[in-house]
Amino acid sequence: MKHLLLGALASLTLTTAAFAEEMKMAVTTSFHNSGLAEILLPEIKADLDLDVQLLVVGTGQAIRLGEAGDVDAILVHSKRAEEKFLAGGNGTHRREIMYNDFVFIGPKSDTAGVQDATTAADALQKVAAAAVPFVSRGDDSGTHKKELSLWQAADLDPTGFDGWYRAVGAGMGAALNTASGMDAYIMADRASWLNFGNKGDLALLFSGDPVLFNQYAYLPVSPEKHPHAKNDLAMKLEAWLVSDKAKSLINAYKINGETLFVFNAKK
Amino acid sequence: MADLLDGMLRAFWLVVTLDSDLVEITLRSLRVTLTALAIAAAIALPLAAMLSVRRFRMRRVTIAVLNALMGLPPVVVGLIVYVFLSRSGPLGVMGLLFTPTAMIIAQVIIIVPLVASIAHQSLRELWSDYHDLLISMNATQVQRVKALLWDGRRALLTAALAGFGRAIGEVGAIMVVGGNIDHATRVLTTAIALETGKGDFAMALGLGFVLIAMAIAVNLAIHWLGHTESEGRW
């Protein structure tokens, strides 16, 4: 019996699975939380015999991983950071794949009156005027950068805010948990919000302003800078991501009857 | 409270139905941590015995540093290992980042000081009992170390189990160096962090209960294998 157990233990430590071709891709938390990856990855595996290993991080860290050559491609949503990434010679090119949108979430009572806002900037001004708790990602992610640019568009500077502005330095899910815990306002991407399980007293208050659209782009890591990067696999994946099959899968993906992503890759 | 009950229920169902994802990440947790523990014990136990038996100039400092490193913040260890293993770091060519091997390396670094410190504490007391005897028998340095390690094996087991406990429940370092990749480097603790992020507290708690149950099972198994607390032994 003892030997059996030790044997089982030994086989456990020695197990290694056989793999198809594999590549690593850094994606943003908001993309992963949407659940779309669980639809796309099995199809990619079936069509290309390619195991895409996802590293789910914020856009800031995703770009760092790409710069260091620790992943083969990145899928992120912060155009300015992406252009800087390309300017540094870290990637081969930038390919737009799809977009979704950001929404403003807040307590159902909505003391700040965000529901009546006409634009995103107006919504933020209402939050600032009422000085109600607002949770910010504060982690240099694409969503965080978007939020900062919206404050700027609303002629407000988050560095000067008092205690009501709370930068938590965490991923989308953790930030939503925080907002739910203290009944605060927060900006989130629609997908993460719909998939979020701990909504508590929060509700979707504002959406639809075109500035809230959120473009996702795919950037393969440069094989010149990082010779080990699997550029051939990254190109294969890109060809699949802009294919008609990906288009129908992405456009048809719904949560609670709501469409999340709009495919807009150019052929 | 409802979350807690939901979590227990979820844990129960996950275990009863032998959920394939759960089995996979649990086995990976065990594999990573037991491998790390074996390596760490192979380093830390002889080191602890050497520190008890030998007298050298930097001995006090070494012991103090080991004790201090017991409190190493895992996330810092993770970052340092990450910087070394990153493609642009000194060991980047080995391509170990985001693999279970990287997670094992990080855990070894985290638990070696802990295991060595606890082991040294008990071996030092044993050595004060054995000192005169072993010296009068003219035992060599190696023989002394062997005698201490063998006769102190129960205490060393405790040290190893403490190391196991710290490694199996650790999340900061393996999140950084492992990346929490589904079907590659996802383990129980990183899965718990992920489910918490999704706001699915019942699932996160369910996984947490599985983790606790597994830690208890491993401890019991090791005691059973070592015949501790049985008649005629100590």
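Residues are numbered from 1 along each chain as its sequence is written, while chains are lettered from A and ligands numbered from 1 in the order in which they are written. Since the model is predicted, local features need pLDDT of at least 70 and side-chain atom pairs count only at pLDDT 80 or more, whereas totals for chains, interfaces and linings use all residues.

The C-alpha trace of chain A spans about 65 × 55 × 35 Å along its principal axes. Of the 267 residues in chain A, 45% are buried; a residue is buried if 20 or more other C-beta atoms lie within 10 Å of its own, exposed if 12 or fewer, and partly exposed in between, with C-beta atoms placed from the backbone. Among the contacts in chain A with a separation of 6 or more, 74% involve residues 24 or more positions apart; two residues are in contact if their C-beta atoms, placed from the backbone, lie within 7 Å.

Strand 9 (residues 213-220) of chain A is worth a visit. Because 6 of its 8 residues are buried, this strand is largely enclosed by the rest of the structure. Strand 9 of chain A pairs with strand 3 (residues 73-76) of chain A in the antiparallel sense over 4 bridges, pairing being assigned if DSSP finds at least two bridges between two strands. Here V76(A) has A217(A) as its bridge partner in strand 9. Strand 4 (residues 95-107) of chain A also runs antiparallel to strand 9, joined to it by 6 bridges, and Y99(A) is partnered by Q215(A).

Chain B has 10 helices and 0 strands. Its C-alpha trace spans about 65 × 55 × 30 Å along the principal axes, and 42% of its 234 residues count as buried. For contacts in chain B between residues at least 6 apart in sequence, 77% join residues at least 24 apart.

Within chain B, the axes of helix 5 (residues 100-136) and helix 6 (residues 141-151) come within 10 Å and cross at roughly 130°. Helix 5 of chain B is therefore oblique to helix 6 of chain B: angles under 35 degrees count as roughly parallel, over 145 as roughly antiparallel, 65 to 115 as roughly perpendicular and the rest as oblique. Residues of this contact include W127(B) and Y130(B) from helix 5 and R144(B) and D151(B) from helix 6.

L18(B), in the loop between helix 1 (2-16) and helix 2 of chain B, has a positive phi near 50°. With 8 C-beta neighbours inside 10 Å, L18(B) counts as exposed. H183(B), in the loop between helix 8 (172-178) and helix 9 (188-197) of chain B, has a positive phi of about 65°. Its 16 C-beta neighbours inside 10 Å make H183(B) partly exposed.

Finally, the two chains meet in a contact that takes 23 residues from chain B and 26 residues from chain A. On the side of chain B that touches chain A, helix 2 (20-53) and helix 10 (201-225) each supply at least two residues. The largest share, 5 residues, comes from helix 2 of chain B.

Notes
Axes are lines fitted to C-alpha atoms, for helices over the stretch in contact, and angles run from 0 to 180 degrees between N-to-C directions.
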